[in-house]
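Morning, everyone. I have one model to walk through today. Please bring it up on the screen.

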Amino acid sequence: MPATPPRGHGDSAWYDDAAGPVVRPYALTGGRTDYDAEVLDLVALITTEEEPPDDPDGVGPAARGWVPAPEHEMILELCRTPLSVVEIASELELALGVVRVLLGDLLDRELVRVRRPAPVAQFPSERVLKEVIDGIRAL
């Protein structure tokens with residue numbers, strides 16, 4: 001199905017017959033394109049944090065002056081079971097950059113936890129490999 005062209009000049013809504021309203025990525029992130037505090041690896045596992053039990057006021061993020069966007073809520077719901085950054089982007093059908101910025105918002109408010117992937121083991125040195133080959137030849 002062909003996309004319906006944008007409506008009149010005064011109407012900022014975009015519409016696609018198959019997908020419905022189209023929201024530009026920068027609208028979801030408030031114009032931000034990067035999360036500065038840390039690099040979120042594509043395979044890092046994200047898990048939703050439980051509400052802190054020692055919250056003295058018993059208030060959520062909205063009462064602290066921050067209202068999560070629907071995309072933030074979807075990420076929190078998805079990450080009740082650990083998911084990688086790339087899986088979250090795939091599930092929400094959002095660009096990786098957008099997901100990283102949204103995750104950064106949640107990280108800043110300590111609503112999610114990040115588990116980094118295990119580092120790749122160091123390759124054995126050339127000396128060790130030669131000793132193994134020599135040992136095999138000796139057999």
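Before we start, one cut-off: I say two residues meet, or are in contact, when heavy atoms lie within 4.5 Å. Keep in mind that this is a predicted model.

With that cut-off, go to helix α2, residues 70-78, and helix α3, residues 85-92. Which residues in α2 meet α3? From α2 we get Glu71, Met74, Ile75 and Leu78. On the α3 side the partners are Ile88, Glu91 and Leu92. By class, that contact splits into 5 nonpolar and 2 charged residues, with no polar ones.

Now the geometry. The two axes come within 11 Å and cross at roughly 120°. Roughly perpendicular stops at 115 degrees, and roughly antiparallel needs over 145. So α2 and α3 are oblique to each other. As for handedness, α2 passes α3 in a right-handed crossing.

Stay on α3 and look to its other partner on my list, helix α4, residues 96-108. Here the axes come within 9 Å, and the crossing angle is roughly 110°.

Who makes the contact between α3 and α4? α3 brings Val85, Val86, Ile88 and Ala89. α4 brings Leu96, Val99, Arg100 and Leu103. The count by class is 7 nonpolar, 1 charged and no polar. Note Ile88: this α3 residue meets α2, and Ile88 also takes part in the contact with α4.

Next, a single residue. Thr47 sits in strand β3, residues 45-48. Is Thr47 buried or exposed? Its relative accessibility is 12%. The limit for buried is under 20%, so Thr47 counts as buried. What does Thr47 touch, leaving out residues up to four places away in sequence? The list is Cys79, Pro82, Leu111, Val112 and Arg113.

Finally, zoom out to the whole chain. There are 5 helices and 5 strands. Reading from the N terminus, the order is β-β-α-β-α-β-α-α-β-α. The chain has 139 residues, and 26% of them are buried. Take the contacts with a separation of 6 or more: 70% of those join residues 24 or more positions apart.

Notes: Residues numbered from 1 in each chain as written. Predicted model: local features only at pLDDT ≥ 70, side-chain atom pairs only at ≥ 80, totals over all residues. Heavy atoms only, no water. Axes fitted to C-alpha atoms, helices over the stretch in contact; angles between N-to-C directions. Helix = DSSP H or I, 4+ residues; strand = E, 2+ residues; numbered from the N terminus. Parallel < 35°, antiparallel > 145°, perpendicular 65-115°, else oblique. Left-handed = near helix turned anticlockwise from the far one by under 90°. Nonpolar A, V, L, I, M, F, W, Y, C, P; charged D, E, K, R; others polar. Buried < 20%, exposed > 50% of the residue type's maximum accessible area, 1.4 Å probe, protein only.
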